[in-house]
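The following questions and answers work through one protein chain. Please read them with the sequence and the structure side by side.

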Amino acid sequence: MNITILDDYHDTVRTLGCFSKLAGHDVTIWNDHTKDLETLAARLKDTEALVLIRERTPIRAPLLERLNRLKLISQRSVYPHIDVAACTRRGVIVSSSMHAGQPSYATAELTWGLIIAALRQIPQQMAALKAGKWQTAVGVGLRGRTLGIYGYGRIGSVVAGYGKAFGMQVRVWAREAGLARARADGYSAARSKEAFFEECDVISLHMRLVDATRGIVTAADLARMKPTALIVNTSRAPLIAPGALVDALRAGRPGMAAVDVYEEEPLLDTRHPLLTLDNVVCTPHIGYVERDGYESQFSDIFDQILDYLAGKPTNVVNPEVLESAKI
């Protein structure tokens, strides 16, 4: 089978143990990134199974209409970047394991790396030291402060546990089902959304991006935060209303942010406001970019290809296509 893997930036996939699952197949791996329609159409014209790494490349109808040999898209996690309806019209199966019940420990760990880096000003202190300066500021500790978890799911619950280990008071704001789980785990719910933003010293966002959560953090929410507070986003940039975070940071409420996700990715514009503010720690969407996580992710993805070849597709997002799919 002709299999293409897009956006393997670091040429990592072929070094994974699970890559042996594709032995005997014709596998092409692209290490650069492009969203250019003509380039993608040329690269994928002979592809039968397309492997996507998260949401790095959008797969929309204009591209799909030119991929006459494509039979399967295999990936893991959510799929807002895939035009599922167009795939269905063309008889292309979309398989995506949602890895339910498997927390992304890598993302939770990065969240804590960002929290500590921001509060202790690690990037700024490193830059100062390299410039010949010694101890340029006084950082902020964690113990006894209030950690706010906005969205209590697979990742939020892990981050809450890490906060407890650091001696923080954990407060949660979420839908009622999430609040019930948080209470069952021994954490307190905020009195209201307004109180949540007013009282927490650190707020970490852990929600999926769907219509109901787009822009769920408003400018008014951010304005309620303490001037000493930190907001962390390792989930999705559009959870925060467009432009609201930059404006809030410039206004001084909250006082800091730590960000791993952006409206447009990859973010290569060094003039982007978040990259120019001294009170922001930024990383290039590396929450899930960790070797053990890659092994788990691609093992699922390759298993979906093997299941398809065995005539038993799994984790099918568009099951209505199975009757007409090109198996």
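Buried means under 20% relative accessible area, exposed means over 50%, and partly exposed lies in between, with a 1.4 Å probe and protein chains only. This is a predicted model, in which local features need pLDDT of at least 70 and side-chain atom pairs count only at pLDDT 80 or more, while totals for chains, interfaces and linings use all residues. Residues are numbered from 1 along each chain as its sequence is written, and side-chain values use heavy atoms, with hydrogens and water left out.

Q: Which radius of gyration does the protein have, and what would a compact globule have?
A: The radius is taken over C-alpha atoms, and the globule rule is 2.2 Å times the number of residues to the power 0.38. The C-alpha atoms fill a box of roughly 60 × 50 × 35 Å along the principal axes. For 327 residues a compact globule would come near 20 Å, which agrees with the protein's radius of gyration of 22 Å.

Q: How many helices and strands does the protein have?
A: Helices (H or I, at least four residues) and strands (E, at least two) are DSSP runs, numbered from the N terminus. Counted in this way, the protein has 12 helices and 12 strands.

Q: What percentage of contacts between residues at least 6 apart in sequence join residues at least 24 apart?
A: A contact means heavy atoms within 4.5 Å. Among the contacts in the protein that link residues at least 6 apart in sequence, the share that joins residues at least 24 apart is 62%.

Q: Which side chain of opposite charge is nearest to D8?
A: D8 sits in the loop between β1 (2-5) and β2 (26-29), where, leaving aside residues up to four places away in sequence, D8 touches V13, R14, I29, W30, N31 and I53. Lys and Arg count as positive and Asp and Glu as negative, without His and the chain ends, and a salt bridge requires a side-chain nitrogen of Lys or Arg within 4 Å of a carboxyl oxygen of Asp or Glu. D8 is buried yet has no salt bridge, and the nearest side chain of opposite charge, 5.7 Å away, is R56.

Q: Which residue meets D11 in a salt bridge?
A: D11 counts as partly exposed because its relative accessibility is 28%. The side chain that meets D11 in a salt bridge, at 2.9 Å from N to O, is that of R14.

Q: How many residues apart in sequence are the parts that the pair R171 and E199 ties together?
A: R171 forms a salt bridge with E199, and their closest N and O atoms are 2.8 Å apart. R171 lies in strand β7 (residues 169-173) and E199 in helix α8 (residues 193-199), so the parts tied together by the pair are apart in sequence by 28 residues.

Q: Is D221, which forms a salt bridge with K193, buried or exposed?
A: The closest N and O atoms of D221 and K193 are 2.9 Å apart. D221 lies in helix α9 (residues 219-223) and K193 in helix α8, so the pair ties together parts that are 28 residues apart in sequence. K193 has a relative accessible area of 19% and is therefore buried. With a relative accessible area of 4%, D221 is buried.

Q: Which peptide bond that ends at P266 is cis?
A: P266 lies in the loop between β11 and α11 (273-276). With omega near -5°, the cis peptide bond is the one from E265 to P266.

Q: What is the omega of the cis peptide bond from R253 to P254?
A: P254 is placed in the loop between α10 (244-251) and β11 (256-259). The peptide bond from R253 to P254 is cis, with omega near 0°.

Q: Where is N315, and what is its phi?
A: N315 counts as partly exposed because its relative accessibility is 39%. N315 is placed in the segment after α12 (291-309). Although N315 is not a glycine, it has a positive phi of about 55°.
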